Amino acid sequence: MNILNLGAGGFIGSHLTRRLLDEGHSVTAVDLYTDKLGELLDHPRLTFVQQDIRNREWHIAPFVENADLVIDLIAYANPGLYIRMPLEVFRLNFQENLKIAEACALHAKRLIQFSTCEVYGRTAASLKQANLRDPEDPIHATFSEDESEFILGPVNRHRWIYACSKQLLERVLHAYGLETGFNYTIVRPFNFIGPKIDFLLSEQDGIPRVFSFFMDALLHGGVMKLVDGGTQRRCYTYIDDAIECTYRIVENPGGVCDRQIFNIGSPYNEISIRQLAETMREIYAEKFRHGDTPLPEIVTVSGEEFYGKGYDDSDRRIPNIDKARTLLGWEPKWPFRDLLEATMSYYVHEYPGSKLAATAL
Ligand code: NAD
Ligand code: UGA
(Lines give C-alpha, C1' and ligand atoms only; values in the text may rest on other atoms or scores of the structure.)
(Ligands and ions follow the chains in the order given, each with its own letter.)
Protein backbone atom coordinates (compact mmCIF):
# COMPACT_ATOMS: atom_id res chain seq x y z
CA MET A 1 0.00 0.00 0.00
CA ASN A 2 0.93 3.66 -0.33
CA ILE A 3 0.55 4.97 3.19
CA LEU A 4 0.44 8.63 4.18
CA ASN A 5 1.85 8.76 7.71
CA LEU A 6 1.26 12.17 9.32
CA GLY A 7 3.37 12.73 12.42
CA ALA A 8 5.82 10.04 11.26
CA GLY A 9 8.72 11.84 12.91
CA GLY A 10 7.32 11.42 16.42
CA PHE A 11 7.66 8.68 19.02
CA ILE A 12 4.90 6.38 17.73
CA GLY A 13 5.24 7.61 14.15
CA SER A 14 8.93 6.71 13.83
CA HIS A 15 8.43 3.17 15.17
CA LEU A 16 5.38 2.71 12.96
CA THR A 17 7.20 3.98 9.87
CA ARG A 18 9.92 1.39 10.40
CA ARG A 19 7.34 -1.39 10.66
CA LEU A 20 5.42 -0.23 7.57
CA LEU A 21 8.62 -0.17 5.52
CA ASP A 22 9.69 -3.59 6.88
CA GLU A 23 6.33 -4.98 5.76
CA GLY A 24 6.94 -3.75 2.21
CA HIS A 25 4.71 -0.67 2.10
CA SER A 26 5.60 2.69 0.58
CA VAL A 27 5.37 5.52 3.06
CA THR A 28 4.97 9.26 2.61
CA ALA A 29 6.01 10.66 5.97
CA VAL A 30 5.02 14.18 7.01
CA ASP A 31 6.48 15.91 10.06
CA LEU A 32 8.22 19.01 11.30
CA TYR A 33 11.23 16.99 12.42
CA THR A 34 13.39 14.21 11.04
CA ASP A 35 15.68 13.22 13.91
CA LYS A 36 13.73 10.17 15.17
CA LEU A 37 13.57 8.71 11.67
CA GLY A 38 17.38 8.48 11.41
CA GLU A 39 18.57 6.07 8.75
CA LEU A 40 15.00 5.42 7.55
CA LEU A 41 15.24 8.71 5.70
CA ASP A 42 17.43 6.96 3.11
CA HIS A 43 14.97 4.11 2.58
CA PRO A 44 13.96 3.81 -1.09
CA ARG A 45 10.26 3.43 -0.25
CA LEU A 46 10.15 6.44 2.09
CA THR A 47 9.34 9.96 0.92
CA PHE A 48 9.82 12.49 3.68
CA VAL A 49 7.94 15.79 3.53
CA GLN A 50 9.17 18.29 6.08
CA GLN A 51 6.11 20.41 6.62
CA ASP A 52 4.12 22.32 9.18
CA ILE A 53 0.57 21.21 8.42
CA ARG A 54 -0.73 24.55 9.74
CA ASN A 55 0.86 26.37 6.82
CA ARG A 56 -2.00 27.69 4.68
CA GLU A 57 0.10 27.52 1.52
CA TRP A 58 0.32 23.77 1.91
CA HIS A 59 -2.50 21.50 0.76
CA ILE A 60 -3.02 18.01 1.97
CA ALA A 61 -5.51 16.94 -0.72
CA PRO A 62 -2.98 15.68 -3.33
CA PHE A 63 -1.21 13.61 -0.65
CA VAL A 64 -4.49 12.07 0.46
CA GLU A 65 -5.51 11.38 -3.14
CA ASN A 66 -2.29 9.45 -3.75
CA ALA A 67 -2.61 7.33 -0.62
CA ASP A 68 -4.36 4.00 -0.07
CA LEU A 69 -4.44 4.63 3.66
CA VAL A 70 -3.90 7.71 5.85
CA ILE A 71 -2.59 7.50 9.42
CA ASP A 72 -2.83 10.67 11.51
CA LEU A 73 -0.62 10.94 14.58
CA ILE A 74 -0.09 14.70 14.58
CA ALA A 75 -0.92 16.35 17.89
CA TYR A 76 0.48 18.14 20.89
CA ALA A 77 0.67 15.17 23.21
CA ASN A 78 2.48 16.33 26.37
CA PRO A 79 0.39 17.51 29.35
CA GLY A 80 2.69 20.48 30.00
CA LEU A 81 1.55 21.93 26.66
CA TYR A 82 -2.15 21.58 27.52
CA ILE A 83 -1.51 23.97 30.41
CA ARG A 84 0.85 26.38 28.64
CA MET A 85 -0.99 26.77 25.33
CA PRO A 86 -4.50 25.36 25.44
CA LEU A 87 -5.65 27.28 22.35
CA GLU A 88 -2.82 25.90 20.23
CA VAL A 89 -3.69 22.44 21.49
CA PHE A 90 -7.29 22.92 20.33
CA ARG A 91 -6.20 24.37 16.98
CA LEU A 92 -3.76 21.59 16.14
CA ASN A 93 -5.46 18.62 17.76
CA PHE A 94 -8.94 19.48 16.56
CA GLN A 95 -9.02 22.09 13.80
CA GLU A 96 -5.99 20.94 11.80
CA ASN A 97 -6.81 17.28 12.31
CA LEU A 98 -10.36 17.92 11.16
CA LYS A 99 -9.01 19.18 7.81
CA ILE A 100 -7.15 15.89 7.40
CA ALA A 101 -10.26 13.89 8.25
CA GLU A 102 -12.39 15.91 5.84
CA ALA A 103 -9.88 15.40 3.02
CA CYS A 104 -10.04 11.65 3.71
CA ALA A 105 -13.85 11.71 3.71
CA LEU A 106 -13.92 13.71 0.48
CA HIS A 107 -11.54 11.35 -1.32
CA ALA A 108 -13.00 8.21 0.30
CA LYS A 109 -9.70 7.17 1.85
CA ARG A 110 -9.52 5.06 4.98
CA LEU A 111 -8.17 6.98 7.98
CA ILE A 112 -6.53 5.61 11.14
CA GLN A 113 -6.87 8.43 13.65
CA PHE A 114 -4.80 8.45 16.82
CA SER A 115 -6.92 9.69 19.69
CA THR A 116 -6.13 9.11 23.37
CA CYS A 117 -7.14 7.22 26.50
CA GLU A 118 -7.56 10.69 28.02
CA VAL A 119 -11.00 10.91 26.37
CA TYR A 120 -12.20 8.72 29.26
CA GLY A 121 -11.03 11.45 31.64
CA ARG A 122 -11.03 10.70 35.31
CA THR A 123 -12.20 7.42 36.73
CA ALA A 124 -15.50 7.12 38.47
CA ALA A 125 -13.42 6.70 41.62
CA SER A 126 -13.01 10.50 41.46
CA LEU A 127 -16.70 10.79 42.20
CA LYS A 128 -16.18 9.31 45.65
CA GLN A 129 -17.22 12.51 47.39
CA ALA A 130 -20.49 12.61 45.53
CA ASN A 131 -21.07 8.98 46.55
CA LEU A 132 -22.11 8.19 43.03
CA ARG A 133 -20.18 4.96 42.68
CA ASP A 134 -18.30 2.52 44.82
CA PRO A 135 -14.75 3.88 44.54
CA GLU A 136 -13.19 0.55 45.44
CA ASP A 137 -14.78 -1.22 42.50
CA PRO A 138 -12.06 -1.55 39.84
CA ILE A 139 -14.65 -1.82 37.11
CA HIS A 140 -14.92 1.95 37.16
CA ALA A 141 -11.27 2.32 36.30
CA THR A 142 -11.50 -0.10 33.37
CA PHE A 143 -12.53 1.59 30.19
CA SER A 144 -14.19 -0.05 27.21
CA GLU A 145 -14.46 1.64 23.86
CA ASP A 146 -18.18 1.58 23.27
CA GLU A 147 -19.63 1.62 26.77
CA SER A 148 -17.61 3.72 29.21
CA GLU A 149 -18.71 7.20 30.22
CA PHE A 150 -16.40 10.16 29.74
CA ILE A 151 -15.83 12.16 32.93
CA LEU A 152 -13.82 15.34 32.41
CA GLY A 153 -13.02 18.09 34.90
CA PRO A 154 -14.38 21.65 34.92
CA VAL A 155 -13.50 24.21 32.23
CA ASN A 156 -11.13 26.09 34.53
CA ARG A 157 -9.00 22.92 34.70
CA HIS A 158 -7.85 23.45 31.15
CA ARG A 159 -5.80 20.26 31.03
CA TRP A 160 -8.96 18.68 29.66
CA ILE A 161 -8.88 20.73 26.45
CA TYR A 162 -6.66 17.99 25.00
CA ALA A 163 -9.17 15.27 25.81
CA CYS A 164 -12.07 17.44 24.62
CA SER A 165 -10.39 18.21 21.30
CA LYS A 166 -9.66 14.54 20.71
CA GLN A 167 -13.16 13.55 21.81
CA LEU A 168 -14.81 16.05 19.48
CA LEU A 169 -12.72 14.78 16.58
CA GLU A 170 -13.82 11.22 17.38
CA ARG A 171 -17.45 12.34 17.37
CA VAL A 172 -17.06 14.06 14.00
CA LEU A 173 -15.49 10.92 12.50
CA HIS A 174 -18.36 8.88 13.86
CA ALA A 175 -20.87 11.31 12.33
CA TYR A 176 -19.09 11.18 8.94
CA GLY A 177 -19.25 7.40 9.15
CA LEU A 178 -22.97 7.48 9.85
CA GLU A 179 -23.88 10.05 7.22
CA THR A 180 -21.48 9.20 4.39
CA GLY A 181 -20.13 5.71 5.12
CA PHE A 182 -16.66 7.21 5.69
CA ASN A 183 -14.22 4.50 6.77
CA TYR A 184 -12.10 5.30 9.80
CA THR A 185 -10.53 3.50 12.75
CA ILE A 186 -9.83 5.32 15.99
CA VAL A 187 -6.95 4.27 18.24
CA ARG A 188 -6.87 5.18 21.93
CA PRO A 189 -3.33 4.59 23.23
CA PHE A 190 -2.68 3.98 26.93
CA ASN A 191 0.72 5.34 27.95
CA PHE A 192 3.04 3.85 25.35
CA ILE A 193 6.68 3.85 26.39
CA GLY A 194 9.93 2.91 24.69
CA PRO A 195 13.03 4.28 22.97
CA LYS A 196 12.58 7.83 21.64
CA ILE A 197 9.50 8.53 23.76
CA ASP A 198 10.66 12.09 24.40
CA PHE A 199 13.64 14.39 24.63
CA LEU A 200 15.52 14.75 27.90
CA LEU A 201 15.43 18.09 29.69
CA SER A 202 19.18 18.41 29.38
CA GLU A 203 18.70 18.24 25.59
CA GLN A 204 15.99 20.86 25.10
CA ASP A 205 13.52 23.01 26.99
CA GLY A 206 9.95 21.94 27.49
CA ILE A 207 7.83 19.58 29.51
CA PRO A 208 8.15 15.99 28.33
CA ARG A 209 6.23 13.02 29.73
CA VAL A 210 7.10 11.62 33.13
CA PHE A 211 9.61 8.98 32.00
CA SER A 212 11.94 11.65 30.61
CA PHE A 213 11.87 13.69 33.83
CA PHE A 214 12.82 10.64 35.88
CA MET A 215 15.45 9.44 33.39
CA ASP A 216 17.02 12.86 33.31
CA ALA A 217 17.29 12.92 37.10
CA LEU A 218 18.97 9.50 37.03
CA LEU A 219 21.44 10.47 34.32
CA HIS A 220 22.20 14.03 35.29
CA GLY A 221 21.37 14.35 38.95
CA GLY A 222 18.51 16.36 40.41
CA VAL A 223 15.37 15.09 42.06
CA MET A 224 12.47 12.92 40.91
CA LYS A 225 9.35 14.96 41.51
CA LEU A 226 6.11 13.17 42.28
CA VAL A 227 3.17 15.33 41.31
CA ASP A 228 0.60 15.29 44.12
CA GLY A 229 2.35 12.38 45.83
CA GLY A 230 2.52 10.06 42.80
CA THR A 231 -0.62 8.12 43.70
CA GLN A 232 -1.98 8.42 40.13
CA ARG A 233 -1.85 5.15 38.24
CA ARG A 234 -1.04 4.36 34.62
CA CYS A 235 -0.91 1.21 32.48
CA TYR A 236 2.40 1.26 30.63
CA THR A 237 2.48 -0.35 27.21
CA TYR A 238 5.68 -1.15 25.37
CA ILE A 239 6.00 0.44 21.95
CA ASP A 240 6.64 -2.94 20.25
CA ASP A 241 3.34 -4.31 21.57
CA ALA A 242 1.61 -1.10 20.53
CA ILE A 243 3.04 -1.19 17.01
CA GLU A 244 2.03 -4.84 16.62
CA CYS A 245 -1.58 -3.95 17.40
CA THR A 246 -1.47 -0.85 15.21
CA TYR A 247 -0.10 -2.89 12.34
CA ARG A 248 -2.98 -5.37 12.66
CA ILE A 249 -5.31 -2.38 12.40
CA VAL A 250 -3.44 -1.27 9.25
CA GLU A 251 -3.98 -4.75 7.78
CA ASN A 252 -7.66 -4.66 8.79
CA PRO A 253 -8.40 -8.34 8.12
CA GLY A 254 -11.88 -8.75 6.64
CA GLY A 255 -12.66 -5.10 7.42
CA VAL A 256 -12.98 -5.82 11.17
CA CYS A 257 -11.60 -2.37 12.02
CA ASP A 258 -14.00 -0.41 9.81
CA ARG A 259 -15.60 2.39 11.86
CA GLN A 260 -14.29 0.87 15.10
CA ILE A 261 -12.51 2.32 18.10
CA PHE A 262 -9.68 0.34 19.72
CA ASN A 263 -8.04 0.74 23.08
CA ILE A 264 -4.37 -0.19 22.80
CA GLY A 265 -2.82 -0.73 26.20
CA SER A 266 -1.61 -3.28 28.68
CA PRO A 267 -4.06 -3.90 31.54
CA TYR A 268 -1.38 -6.04 33.24
CA ASN A 269 1.05 -3.17 33.74
CA GLU A 270 -0.82 -0.83 36.07
CA ILE A 271 1.48 0.98 38.50
CA SER A 272 1.44 4.22 40.47
CA ILE A 273 3.79 7.03 39.48
CA ARG A 274 5.55 6.57 42.83
CA GLN A 275 6.18 2.92 41.90
CA LEU A 276 7.44 4.09 38.51
CA ALA A 277 10.00 6.37 40.17
CA GLU A 278 11.06 3.72 42.69
CA THR A 279 11.36 0.99 40.06
CA MET A 280 13.41 3.22 37.77
CA ARG A 281 15.77 3.95 40.65
CA GLU A 282 16.08 0.25 41.45
CA ILE A 283 16.74 -0.76 37.84
CA TYR A 284 19.25 2.03 37.44
CA ALA A 285 21.11 1.02 40.60
CA GLU A 286 21.07 -2.65 39.59
CA LYS A 287 21.86 -2.47 35.88
CA PHE A 288 23.32 0.86 34.86
CA ARG A 289 24.97 2.69 37.72
CA HIS A 290 28.70 2.38 38.06
CA GLY A 291 30.52 3.45 41.14
CA ASP A 292 28.72 5.21 43.94
CA THR A 293 27.06 8.10 42.11
CA PRO A 294 24.14 9.17 44.30
CA LEU A 295 20.63 8.16 43.29
CA PRO A 296 18.10 10.98 42.98
CA GLU A 297 15.90 11.79 45.90
CA ILE A 298 12.15 11.38 45.41
CA VAL A 299 10.15 14.45 46.49
CA THR A 300 6.53 15.55 46.26
CA VAL A 301 5.27 18.70 44.53
CA SER A 302 1.76 19.96 43.83
CA GLY A 303 0.30 19.71 40.33
CA GLU A 304 -0.09 23.48 40.17
CA GLU A 305 3.51 24.05 41.25
CA PHE A 306 4.79 21.60 38.65
CA TYR A 307 2.58 22.36 35.65
CA GLY A 308 0.88 25.65 36.53
CA LYS A 309 -2.70 26.71 37.18
CA GLY A 310 -5.33 24.67 35.37
CA TYR A 311 -3.68 21.28 35.88
CA ASP A 312 -5.83 18.33 36.73
CA ASP A 313 -5.13 14.63 36.51
CA SER A 314 -6.49 11.29 35.59
CA ASP A 315 -6.24 9.07 38.65
CA ARG A 316 -6.59 5.61 37.09
CA ARG A 317 -7.15 4.27 33.59
CA ILE A 318 -7.07 0.61 32.70
CA PRO A 319 -7.84 -0.48 29.15
CA ASN A 320 -10.39 -3.14 28.41
CA ILE A 321 -8.76 -4.81 25.39
CA ASP A 322 -11.38 -7.45 24.63
CA LYS A 323 -12.06 -5.87 21.25
CA ALA A 324 -8.41 -6.00 20.11
CA ARG A 325 -8.16 -9.55 21.47
CA THR A 326 -11.29 -10.77 19.73
CA LEU A 327 -11.08 -8.97 16.41
CA LEU A 328 -7.29 -8.84 15.98
CA GLY A 329 -5.99 -11.69 18.14
CA TRP A 330 -3.69 -9.18 19.86
CA GLU A 331 -2.32 -9.48 23.38
CA PRO A 332 0.40 -7.27 24.90
CA LYS A 333 3.48 -9.30 25.84
CA TRP A 334 5.89 -6.96 27.60
CA PRO A 335 5.81 -6.97 31.42
CA PHE A 336 6.38 -3.70 33.23
CA ARG A 337 9.90 -4.27 34.53
CA ASP A 338 11.19 -5.50 31.17
CA LEU A 339 9.73 -2.59 29.23
CA LEU A 340 11.17 -0.14 31.70
CA GLU A 341 14.61 -1.71 31.53
CA ALA A 342 14.55 -1.74 27.72
CA THR A 343 13.53 1.92 27.55
CA MET A 344 16.07 3.00 30.16
CA SER A 345 18.82 1.05 28.38
CA TYR A 346 18.14 3.05 25.21
CA TYR A 347 18.52 6.38 27.05
CA VAL A 348 21.60 5.28 28.96
CA HIS A 349 23.33 4.39 25.71
CA GLU A 350 21.98 7.32 23.74
CA TYR A 351 23.27 9.96 26.16
CA PRO A 352 26.96 9.21 26.59
CA GLY A 353 27.62 12.66 28.02
CA SER A 354 25.73 11.75 31.15
CA LYS A 355 27.08 11.54 34.65
CA LEU A 356 26.80 7.78 34.31
CA ALA A 357 29.19 7.53 31.40
CA ALA A 358 31.60 9.98 32.96
CA THR A 359 31.98 7.88 36.06
CA ALA A 360 31.67 4.51 34.41
CA LEU A 361 34.14 4.73 31.58
P1 NAD B 1 4.88 12.90 19.42
O2 NAD B 1 4.83 14.27 19.95
O3 NAD B 1 6.16 12.15 19.56
O4 NAD B 1 4.46 12.87 17.88
C5 NAD B 1 3.66 13.86 17.27
C6 NAD B 1 4.36 14.30 16.02
O7 NAD B 1 3.55 15.29 15.37
C8 NAD B 1 5.72 14.93 16.29
O9 NAD B 1 6.75 14.29 15.58
C10 NAD B 1 5.54 16.38 15.85
O11 NAD B 1 6.73 16.94 15.28
C12 NAD B 1 4.43 16.25 14.81
N13 NAD B 1 3.78 17.54 14.64
C14 NAD B 1 3.29 18.36 15.63
N15 NAD B 1 2.81 19.50 15.09
C16 NAD B 1 2.98 19.38 13.76
C17 NAD B 1 2.68 20.24 12.68
N18 NAD B 1 2.11 21.44 12.88
N19 NAD B 1 2.99 19.84 11.42
C20 NAD B 1 3.58 18.65 11.21
N21 NAD B 1 3.89 17.78 12.20
C22 NAD B 1 3.59 18.15 13.47
O23 NAD B 1 3.70 12.08 20.11
P24 NAD B 1 3.40 10.51 20.14
O25 NAD B 1 3.59 10.05 21.52
O26 NAD B 1 4.10 9.82 19.04
O27 NAD B 1 1.84 10.54 19.86
C28 NAD B 1 1.30 10.39 18.56
C29 NAD B 1 -0.22 10.47 18.63
O30 NAD B 1 -0.75 9.51 19.53
C31 NAD B 1 -0.75 11.83 19.10
O32 NAD B 1 -1.93 12.11 18.39
C33 NAD B 1 -1.07 11.61 20.56
O34 NAD B 1 -2.07 12.47 21.01
C35 NAD B 1 -1.52 10.16 20.54
N36 NAD B 1 -1.30 9.51 21.84
C37 NAD B 1 -0.07 9.05 22.20
C38 NAD B 1 0.09 8.41 23.41
C39 NAD B 1 1.39 7.81 23.85
O40 NAD B 1 1.36 6.95 24.72
N41 NAD B 1 2.52 8.17 23.26
C42 NAD B 1 -0.99 8.29 24.26
C43 NAD B 1 -2.21 8.81 23.90
C44 NAD B 1 -2.35 9.41 22.68
C1 UGA C 1 -0.06 11.61 28.72
C2 UGA C 1 -0.47 12.59 27.63
O3 UGA C 1 -1.65 13.20 27.89
C4 UGA C 1 -0.60 11.97 26.29
O5 UGA C 1 0.63 11.74 25.71
C6 UGA C 1 -1.36 10.72 26.28
O7 UGA C 1 -2.69 11.01 26.01
C8 UGA C 1 -1.22 9.92 27.56
O9 UGA C 1 -0.17 10.32 28.38
C10 UGA C 1 -0.83 8.52 27.28
O11 UGA C 1 0.39 8.28 27.10
O12 UGA C 1 -1.68 7.66 27.27
P13 UGA C 1 -0.11 11.47 31.33
O14 UGA C 1 -0.05 10.00 31.53
O15 UGA C 1 -0.80 12.25 32.38
O16 UGA C 1 -0.78 11.83 29.92
O17 UGA C 1 1.37 12.08 31.11
P18 UGA C 1 2.76 12.00 31.87
O19 UGA C 1 3.44 13.27 31.63
O20 UGA C 1 3.51 10.80 31.43
O21 UGA C 1 2.36 11.93 33.41
C22 UGA C 1 2.01 10.76 34.08
C23 UGA C 1 1.80 11.09 35.55
O24 UGA C 1 3.06 11.44 36.13
C25 UGA C 1 0.88 12.28 35.83
O26 UGA C 1 0.09 11.99 36.94
C27 UGA C 1 1.83 13.43 36.17
O28 UGA C 1 1.26 14.37 37.05
C29 UGA C 1 2.96 12.68 36.84
N30 UGA C 1 4.31 13.31 36.78
C31 UGA C 1 4.78 13.86 35.64
C32 UGA C 1 5.11 13.26 37.92
O33 UGA C 1 4.69 12.78 38.98
N34 UGA C 1 6.38 13.79 37.85
C35 UGA C 1 6.88 14.33 36.73
O36 UGA C 1 8.07 14.76 36.75
C37 UGA C 1 6.06 14.38 35.58
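Helix α1 is mostly covered: 9 of its 12 residues are buried, where buried means under 20% relative accessible area with a 1.4 Å probe and protein chains only. The model is predicted, local features need pLDDT of at least 70, side-chain atom pairs count only at pLDDT 80 or more, and totals for chains, interfaces and linings use all residues. Residues are numbered from 1 along each chain as its sequence is written, chains are lettered from A and ligands numbered from 1 in the order in which they are written, and side-chain values use heavy atoms, with hydrogens and water left out.

The buried residues of α1 include Phe 11, Ile 12, Leu 16, Leu 20 and Leu 21. Arg 19 is buried too. The helix covers residues 11-22 and reaches 17 Å from its first C-alpha to its last, close to the 16 Å expected at 1.5 Å a residue. That expected span is 1.5 Å times one less than the number of residues. Helices are DSSP runs (H or I, at least four residues), and strands are E runs of at least two, numbered from the N terminus. Just after α1, Gly 24 takes a positive phi of about 95°.

Now turn to ligand 2. Of the 26 residues around it, Ala 77, Thr 116, Glu 118, Lys 225 and Asp 313 come nearest; a residue counts as near if one of its heavy atoms lies within 4 Å. A polar side-chain atom of Asp 313 lies 2.6 Å from a ligand 2 oxygen atom. For Arg 234, a polar side-chain atom lies 2.7 Å from an oxygen atom of ligand 2. The elements giving two or more residues to this shell are α3 (79-84), α6 (210-220), β9 (224-227) and α9 (303-307).

Notes. Polar contact = N/O pair within 3.5 Å; in protein donor to acceptor, adjacent residues only side chain to side chain. Buried < 20%, exposed > 50% of the residue type's maximum accessible area, 1.4 Å probe, protein only.
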